[in-house]
Amino acid sequence: VMLLDIEMPRMDGFEVARHMRNSAEMSDIPIIIITSRTGEKHRKLAMDLGVKRYLGKPYQETDLLENIQSVLEESRK
């Protein structure tokens, strides 16, 4: 599982997700974005890029752990 924020130095989370989805070696890695940008525009872009979960900040640790477990289970199917 890759945890990304949208706002990162050098390359934003969308760019990283796009790169991962276009890479044969990384295309199957589930991505969870954790960000303060909770608008529908950002969420839709993330999902269009193949992000599995989109969590807004602040978030509860239990929510993050549940989402990690969920995407791992989905990726094993």
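Helix 1 (13–21) buries G13, F14, V16, A17 and M20. Buried means under 20% relative accessible area, exposed over 50%, and partly exposed in between, with a 1.4 Å probe and protein chains only. Seen down the axis of helix 1, these buried residues fall within an arc of 160°, so they line one face of the helix. The arc is that of the directions from the helix axis to the C-beta atoms. The cover over them includes strand 1 (2–4), strand 2 and helix 2 (40–48). At the start of helix 1, a side-chain oxygen of D12 comes within 2.9 Å of the backbone nitrogen of F14.

This is a predicted model, in which local features need pLDDT of at least 70, side-chain atom pairs count only at pLDDT 80 or more, and totals for chains, interfaces and linings use all residues. Residues are numbered from 1 along each chain as its sequence is written, and side-chain values use heavy atoms, with hydrogens and water left out.

**Overall layout**

The protein has three helices and three strands. Along the sequence they follow the pattern β-α-β-α-β-α. Helices (H or I, at least four residues) and strands (E, at least two) are DSSP runs, numbered from the N terminus.

The C-alpha trace spans about 30 × 30 × 20 Å along its principal axes. For 77 residues, a compact globule would have a radius of gyration near 11 Å; the protein has 12 Å, which agrees. That radius is taken over C-alpha atoms, and the globule rule is 2.2 Å times the number of residues to the power 0.38.

Buried residues make up 32% of the 77 residues. The protein exposes about 5200 Å², and carbon and sulfur atoms supply 50% of that. Accessible areas come from the Shrake-Rupley method with a 1.4 Å probe; for residues, only the protein chains shown count as cover. Among contacts between residues at least 6 apart in sequence, 45% join residues at least 24 apart. Contact means heavy atoms within 4.5 Å.

In soluble globular proteins, nonpolar side chains tend to be buried together. Here the largest nonpolar core holds 12 residues: L4, I6, F14, V16, A17, M20, I31, I33, A46, L49, V51 and Y54. Helix 1 and strand 2 (31–35) are the elements that give two or more residues to this core. Helix 1 supplies the largest share, four residues. A second, separate core has five residues, including I34, L55, L64 and V71. A nonpolar core is a set of buried Ala, Val, Leu, Ile, Met, Phe, Trp, Tyr and Cys residues joined through side-chain atoms within 4.5 Å.

I6 belongs to the largest core. Leaving aside neighbours within four places in sequence, I6 contacts D12, G13, F14, I33, I34, T35, R37, H42 and Y54.

| Residue | Relative accessible area | Class |
|---|---|---|
| L55 | 12% | buried |
| N67 | 15% | buried |
| T38 | 45% | partly exposed |
| R10 | 90% | exposed |

L55 sits in strand 3 (residues 53–56). Beyond residues up to four places away in sequence, L55 touches I32, I33, I34, T35, L64 and N67. L55 and R18 are 37 residues apart in sequence and 18 Å apart in space, C-alpha to C-alpha.

N67 is part of helix 3 (residues 61–76).

T38 lies in the loop between strand 2 and helix 2. Apart from neighbours within four places in sequence, T38 contacts R43, Y54 and G56.

**Backbone exceptions**

Most residues other than glycine have a negative phi, and most peptide bonds are trans. R10, in the loop between strand 1 and helix 1, has a positive phi near 70°. The peptide bond from K57 to P58 is cis, with omega near -5°. P58 is in the loop between strand 3 and helix 3.

Notes:
A polar contact is a pair of N or O atoms within 3.5 Å; within protein, one must be able to donate a hydrogen and the other to accept it, and residues adjacent in sequence count only if both atoms are side-chain atoms.
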